[in-house]
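Subject: Structure for you to look at

Hello,

Here is the structure I said I would pass on. My notes on it follow below.

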Amino acid sequence: MAERVLVIGSGGREHTLAWKLAQSPHVLQVLVAPGNAGTAGIGKISNSAVSVSNHAILAQYCKDHNIGLVVVGPEAPLAAGIVDDLTAAGVKCFGPSAKAAQLEASKQFAKDFMDRHSIPTARWKAFTNPQEACSFIQSADFSALVVKASGLAAGKGVIVAADKAEACKAVQDILKDKAFGAAGETIVVEELLEGEEISCLCFTDGITVACMPPAQDHKRLLDGDQGPNTGGMGAYCPAPQVSKDVLQKIKENVLQKSIDGMRQEGTPYVGVLYAGLMLTRDGPKVLEFNCRFGDPECQVILPLLRSDLYEVVKATVD
């Protein structure tokens, strides 16, 4: 029997998810909350004004409208426990629990997790005190020039400094001047890795991983890779820098290890796991994890998916 699907979010990513889900013969209708102009009444797709922040109202809405599956686009609702609350109310929801979503919601948690499970990443240290962070930047035996807000900052909470003075200024901006608000109460200072940055995403049911083709997004605001980081200025897929051998290494040493580690720690991870990686001379190293489809990456990956997205998503949650 064809089902109604609810997609949570308002960006290009959610338009892509709705577009791909609507192609499935198993899907009767795709509602997007709140959606955008691109999802406002086209074929099977329409927008919904239901509150996505009040999970009790949302669960009741899903029951009243016979929603068989909820697909969550952005990270904030995942970190706020939308999957936990809808699942508890008997509504099937695609994405990780709030506890599992800490892989994105707390950079400090993610770095600690990678160290525990020997997942390759940049050298790092976490701080809440600006003086301590600055003295670490000055004395570290590596280029400690990347300063990150530990919490969620909509993809903009990372400053890649040109020198130590700029890195110390970033520390002051985040910890003292609250440039990213509560997201920057803790910062992570890490080694500046050299190489090309790529994005590797996978679907997972908490045990196995199914990799998507690697993508590359361009974060810097200006031409020539200049200017501040953004949530993403554009992307393309597949990324030719990633050979089959390198993708296999990423699958084994990063994605599978992460899913195994989360399960071993009693926090099974279900949904999409996104690893942002640097292809260094020493092999791929993790820059960050995201607990959902990237935007813009989703827009270039999903058109390449030959399978039925609804069937893939259902297989992970069932």
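**Where domain 1 meets domain 3**

Across the interface of domain 1 and domain 3 there are nine residue pairs in polar contact, both residues of each pair being at pLDDT 80 or more. Helix 1 gives the most, with seven residues. Please bear in mind that this is a predicted model.

The contact between domain 1 and domain 3 takes 23 residues from domain 1 and 22 residues from domain 3.

The size of an interface is often given as the accessible area lost when the parts come together. Here domain 1 and domain 3 bury about 1,800 Å² between them, and 70% of that is on carbon and sulfur atoms. Within domain 1, Arg-13, Lys-20 and Phe-94 lose the most area to domain 3, together 36% of what that side buries. Two salt bridges are counted between the two domains.

**Glu-75**

Glu-75 lies in helix 3. Is this residue buried or exposed? Its relative accessibility is 12%, so Glu-75 counts as buried, the cut-off being under 20%. The side chain of Glu-75 makes a polar contact of 3.3 Å with the side chain of Arg-292. Leaving aside neighbours within four places in sequence, the residues in contact with Glu-75 are Arg-13, Glu-104, Leu-152, Ala-154, Cys-291 and Arg-292.

**Helix 11**

Helix 11 covers residues 309–317, and its buried residues are Leu-309, Tyr-310, Val-313, Lys-314 and Thr-316. Why are they on the same side of helix 11? They cover an arc of only 160 degrees around the axis, which puts them there. An α-helix has 3.6 residues a turn, so residues three or four places apart point the same way.

What covers these buried residues includes strand 1 (3–9), helix 1 (12–22), strand 2 (27–34), strand 4 (67–72), strand 5 (93–94) and strand 10 (196–204). Lys-314, one of the buried residues, forms a salt bridge with Glu-3 through their side chains, at 3.8 Å from N to O. At the start of helix 11, a side-chain oxygen of Asp-308 comes to within 2.9 Å of the backbone nitrogen of Tyr-310.

Regards

Methods: Residues are numbered from 1 along each chain as its sequence is written. Side-chain values use heavy atoms; hydrogens and water are left out. Buried means under 20% relative accessible area, exposed over 50%, partly exposed in between (1.4 Å probe, protein chains only). Helices (H or I, at least four residues) and strands (E, at least two) are DSSP runs, numbered from the N terminus. The arc is that of the directions from the helix axis to the C-beta atoms. Contact means heavy atoms within 4.5 Å. A polar contact is a pair of N or O atoms within 3.5 Å; within protein, one must be able to donate a hydrogen and the other to accept it, and residues adjacent in sequence count only if both atoms are side-chain atoms. Buried area is the accessible area (1.4 Å probe) that two parts lose on being put together, summed over both. A salt bridge is a side-chain nitrogen of Lys or Arg within 4 Å of a carboxyl oxygen of Asp or Glu.
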